[in-house]
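Here is a friendly walk through one structure, in questions and answers. Each reply sets a value against the rule behind the word.

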Amino acid sequence: MVYCVMLGGSSLFACVPGSTISVIQGRPVMVEVDVAGGLPCLEVVGMADTALRESKHRVRSALRNSGFHIPSRRITVSLAPAAVHKEGSQLDAAIALGILAASGEIPVNERLGEYCYLGELALDGSLRPVRGALTMALSARESGMMGVVVPAQNSHEVSFLEGMHVLTAGTLLDLAGFVKGACLPVPKQIEPRGSSGPRHLDLSEIRGQAAAKRALEVAAAGGHNLLLVGTPGSGKSMLARAVPSILPVLSFQESVAVTRIHGVAGVLPEGSGLVRDPPFRAPHHTVTSAALMGGGTSPSPGEITLAHRGVLFLDELPEFSPSVLNALRQPLEEGQAVIVRSKGTYVFPCRFLLVAAMNPCKCGWFTDDFNQCTCTESARRQYVSRVSGPLFDRIDLHLEVGRVKAEELGEATGEESAAVRARVRCARDRQNDRFRGMALAVNGEMSPKDIGSLLSFSSKARRLALDAYTRMNLSARGYYRVLKVSATIADLCSSPRIEEEHVAEALAYRQRGGV
């Protein structure tokens, strides 16, 4: 590849690799710089957004304040491919190096052309961190780059990368020195940290609710959606916020996927490496469809994508807009959100565990033994009907959470989350063996074809499930979801096949108690 060449004796042309982000994927960008005669100016072309168009002001000041000479000539910066929209400030470093190379301030060599340079420039020439460094670094590796240079503050995000040189820099002078032959530090690998947010509750902190805790264990083991229905103060939110504490840590591939998404969205914890704890997202019920699903003029990840391989908690489920709830139906079924815009179709991954909580009526006391419900039957039905039947049908476990008894409040600390997580991990290991070589992670992701080919049922279990299909008026989707929950219960019991008692427990979770 030609990185720098004289054109017509008076014009000098240079190329420096960079990268940008398209939705949640990295896209290589070649920064082409031409220094030619004419009125002094610096122009950036190539479908750049506002942040990129303003880079010429940042780059000018950074070059001047770093002690470099800016030629008083016409400088044209082209971002190729020109037909692709580009956004962000991560190309500042590559633009500055391209100007330095085209004006003869730094040499043109392999270091300039075989490394991808990322970073936003401050006016004093220092490098600032950018969003999505991991995504763009992976894109550079896939495109055959020898290495990538990122701002020092992004080092934690890319420290684990293999198969390419990963270096960090603090200033524009560091980058120029590297091109000239100096060395740059290699980021140190650090211990993985969890996702941002408050500390997750431990199950031992929740008194009573043995049935609900069992349902949480089944949901976590198989990736099954869960609905908690109960009166105010019964502990629904506490139970939901304890779910992440019983989920196993993410696999390496899952960690990379989650870290990429959170890096692009700008919610990656500062100073953390790979995110190993499953994320937990709890949007308020006033959330819009675009904020939940993803979208915008330049589509960005929504809450369901930020919850990928983790938990999405929807408290006060009927208070959400019906249009927002109905938008969840496709992602829950397919594990991805498809956003269609005039510029194209965008696909966001969203394999998450849905945990929802709701009151049985508007006032909340319909099933309570001590408080009088003030709702009419019509008002109660209207309140519950805000959650559509098809969405209810996509929730595997329906559980009524009752009032905690007085004697349970004084009980000693119950089973800790660590013990439950160990059982969940064993069940997940059985599922990993079952799905070896397949693009499946948990039982909740199986299709009807997978159920038929991968699961073994006793004759009594099969007969009970078929009988319940008619007796409970289940939909075909509901029937197969019962079978998947049965498989998870069998995995928790280390049973080689699904027995009648496993199906019976799964059917008990299918009862829509309280609603």
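Q: Why is Asp491 called buried?
A: Buried means under 20% relative accessible area, exposed over 50%, and partly exposed in between, with a 1.4 Å probe and protein chains only. Asp491 has a relative accessible area of 2%, so Asp491 counts as buried. Please keep in mind that this is a predicted model, where local features need pLDDT of at least 70, side-chain atom pairs count only at pLDDT 80 or more, and totals for chains, interfaces and linings use all residues. Residues are numbered from 1 along each chain as its sequence is written, and side-chain values use heavy atoms, with hydrogens and water left out.

Q: What makes Arg430 and Asp491 a salt bridge?
A: The term asks for a side-chain nitrogen of Lys or Arg within 4 Å of a carboxyl oxygen of Asp or Glu. For Arg430 and Asp491 the closest N and O atoms are 3.6 Å apart, and the pair forms a salt bridge. Arg430 lies in helix α18 (residues 417-434) and Asp491 in helix α21, so the pair ties together parts that are 61 residues apart in sequence. Helices here are DSSP runs of H or I with at least four residues, strands are runs of E with at least two, and both are numbered from the N terminus.

Q: Why is Arg430 called partly exposed?
A: Its relative accessible area is 30%, so Arg430 falls in the partly exposed class.

Q: How do you know that Arg477 forms a salt bridge with Glu333?
A: The closest N and O atoms of Arg477 and Glu333 are 3.4 Å apart, and the pair forms a salt bridge. Arg477 lies in helix α21 (residues 476-492) and Glu333 in helix α14 (residues 329-334), so parts that are 144 residues apart in sequence are tied together. With 27% relative accessibility, Arg477 counts as partly exposed; Glu333, at 39%, also counts as partly exposed.

Q: Which residues do salt bridges that share partners join into one network?
A: The network holds Glu333, Asp393, Arg394, Asp396, Arg477, Arg481 and Arg510. Across the whole structure, a search finds 25 salt bridges.

Q: How do you know that β4 and β5 pair?
A: Two strands pair if DSSP finds at least two bridges between them. Strand β5 (residues 74-80) and β4 are joined by five bridges in the parallel sense. In this pairing, Val45 stands opposite Ser78 of β5. On β4, Leu42 and Val44 form a covered face, while Cys41, Glu43 and Val45 form an uncovered one.

Q: What makes β12 and β19 edge strands?
A: The open sheet has five strands in the order β12-β15-β18-β11-β19, with parallel pairing. β12 (280-281) and β19 (397-401) each pair on one side only, and these are the edge strands. Further in, strand β11 (residues 226-230) runs parallel to strand β18 (residues 353-358), with four bridges joining them. There, Val229 stands opposite Met358 in β18.
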